[in-house]
Amino acid sequence: MSLARRLVFGSNPSRTAIRILVLAVVSVIAFRWVLLPVRTEGISMLPNYASGRVTLINRLAFLRHGPSRGDIVAIRLAGPHVVYVKRVIGLPGERLKIVGGQVYIDGVPLGEPYVKYRGPWDVPEVTLTSTEYYVIGDNRGMRASDHSFGRVNAERILGRLLF
Amino acid sequence: MAAVCLVVAWQRWTTSEERAIRTRLLGLASDLNGPDAGAASLLRAARFGDYFTDDVVVELGEGSPPIIGRATLVGMAARLERRTTAARLKFDDIDVRLRDDRTAADVGLTASFMREDGTGGDAVDAREFALQLVKRDGQWRVARAAAVAALR
């Protein structure tokens with residue numbers, strides 16, 4: 001076997017073929033069901049996620065426990081191909097309100113070091129049910145009416161963003 | 001062998017209607033994203049109304065009154081188009097469920113609206129919609145479209 005063929009196919013071509021097949025199957029499973037690649041669009045997660053950034057959704061992140069406060073999660077719409085990327089700020093059972101841009105959880109101000117732009121948003125108090133989380137983007141400098149945020153059912157949360 | 005043939009025929013029959021609905025919806029998006037001036041634009045406007053039933057109802061969600069009737073919808077779309085020529089519409093995750101009589105279907109999809117945000121990038125708004133389509137005069141037409149609130 002020539003050196004070129006040996007470099008491409010290895011010393012045992014059938015074994016190389018099996019390795020390629022296994023790699024392909026593992027890649028398909030990983031990137032279709034476990035680590036979903038997403039490209040963020042829009043400005044609602046600025047400055048932490050700029051428009052056009054590519055990242056992965058870990059769909060196994062919440063198998064054993066639900067999301068924690070501060071997690072950045074993907075929320076499905078009709079399916080998994082277009083998702084909202086938001087930060088979890090309210091957990092099931094909590095009371096949440098926003099006054100002048102400051103988030104209060106059960107009456108206590110929430111520290112949010114990740115928020116760099118903050119407008120004077122006001123949201124009346126809501127009480128989350130046992131299956132609801134409150135999610136919001138990091139860019140609070142935009143108009144609240146242009147920003148999708150609020151209560152979401154746990155079953156819509158696809159997973160946590162890896163990075 | 002006959003059973004296999006029946007199953008294959010049934011599957012093909014099912015998928016052909018589903019495919020027709022998907023093609024119809026993608027055609028709607030394509031027509032909305034088409035050229036913005038000239039004869040093509042006029043043709044597109046004429047075609048747009050054809051995607052809906054006369055008594056179509058479009059519910060955009062809390063705070064927006066429902067749009068009732070094809071004429072109203074076409075008029076609104078024409079007025080909106082003049083202000084949003086840079087906007088593009090895309091449908092993803094189209095899930096078609098045919099009803100038993102096969103002349104109506106429930107469809108779920110995500111509609112993404114992309115427009116130039118003035119900074120060189122695309123600003124995106126995405127909404128989930130639940131549609132009801134009916135087959136009239138041999139064509140699938142949208143009879144009802146309602147926005148589904150993923151975040152409340």
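This briefing walks through the two chains of the structure above, and then the place where they touch. The model is predicted: local features need pLDDT of at least 70 and side-chain atom pairs count only at pLDDT 80 or more, while totals for chains, interfaces and linings use all residues. Residues are numbered from 1 along each chain as its sequence is written, and chains are lettered from A and ligands numbered from 1 in the order in which they are written. Chain A comes to two helices and 11 strands, whereas chain B has three helices and six strands. Helices (H or I, at least four residues) and strands (E, at least two) are DSSP runs, numbered from the N terminus.

**Chain A: overall form**

- From the N terminus on, the elements of chain A run α-α-β-β-β-β-β-β-β-β-β-β-β.
- The C-alpha trace of chain A spans about 75 × 30 × 25 Å along its principal axes.
- Chain A has a radius of gyration of 21 Å, but a compact globule of 163 residues would have one near 15 Å. The radius is taken over C-alpha atoms, and the globule rule is 2.2 Å times the number of residues to the power 0.38.
- Of the 163 residues in chain A, 29% are buried. A residue is buried if 20 or more other C-beta atoms lie within 10 Å of its own, exposed if 12 or fewer, and partly exposed in between, with C-beta atoms placed from the backbone.
- In chain A, 54% of the contacts with a separation of 6 or more are between residues 24 or more positions apart. Two residues are in contact if their C-beta atoms, placed from the backbone, lie within 7 Å.

**Chain A: helix α2**

- Helix α2(A) covers residues 13-34, and its 22 residues should span 32 Å at 1.5 Å a residue; the end C-alpha atoms are 30 Å apart, which agrees. The expected span is 1.5 Å times one less than the number of residues.

**Chain A: the seven-stranded sheet**

- Seven strands of chain A form an open sheet in the order β1-β2-β11-β3-β4-β9-β10, with antiparallel pairing. Two strands pair if DSSP finds at least two bridges between them.
- β1 and β10 (150-153) of chain A are the edge strands, each pairing on one side only.
- On average, neighbouring strands of this sheet are turned by 50 degrees against each other, direction ignored. Axes here are lines fitted to C-alpha atoms, for helices over the stretch in contact, and angles run from 0 to 180 degrees between N-to-C directions.
- Within the sheet, β4 (residues 83-90) and β9 (residues 132-136) of chain A pair in the antiparallel sense over three bridges, and Gly90(A) stands opposite Tyr134(A) in β9(A).

**Chain A: the four-stranded sheet**

- An open sheet of four strands of chain A has the order β7-β6-β5-β8, and its pairing is antiparallel.
- β7 (108-109) and β8 (123-127) of chain A each have a single partner strand at the edges, so one side of each is left without a neighbour in the sheet.
- β5 (residues 95-99) and β6 (residues 102-105) of chain A run antiparallel and are joined by four bridges; Leu96(A) has Ile105(A) as its bridge partner in β6(A).

**Backbone details worth a look**

- The peptide bond from Leu46(A) to Pro47(A) is cis, with omega near 0 degrees. Pro47(A) lies in the loop between β1 (35-39) and β2 (54-58) of chain A.
- Asp106(A), in the loop between β6 and β7 of chain A, has a positive phi near 50 degrees. Asp106(A) is partly exposed, with 13 other C-beta atoms within 10 Å.
- Asp93(B) also has a positive phi near 50 degrees, but its place is in strand β3 (residues 88-98) of chain B. Asp93(B) is partly exposed, with 16 other C-beta atoms within 10 Å.

- Along the sequence, chain B follows the pattern α-α-β-β-α-β-β-β-β.
- Of the 152 residues of chain B, 15% count as buried.
- β1 (residues 52-59) and β6 (residues 139-148) of chain B pair in the parallel sense over four bridges, with Val142(B) as the bridge partner of Phe52(B).
- β1(B) and β2 (residues 67-68) of chain B run antiparallel and are joined by two bridges; Ile67(B) is the bridge partner of Val58(B).

**Where the chains meet**

- 16 residues of chain B are in contact with 19 residues of chain A.
- On the chain B side, β3, β4 (104-116) and β5 (122-136) each supply at least two residues, and the largest share, five residues, comes from β5(B).
- By class, this side of chain B has six nonpolar, four polar and six charged residues. Ala, Val, Leu, Ile, Met, Phe, Trp, Tyr, Cys and Pro count as nonpolar, Asp, Glu, Lys and Arg as charged, and the others, Gly among them, as polar.
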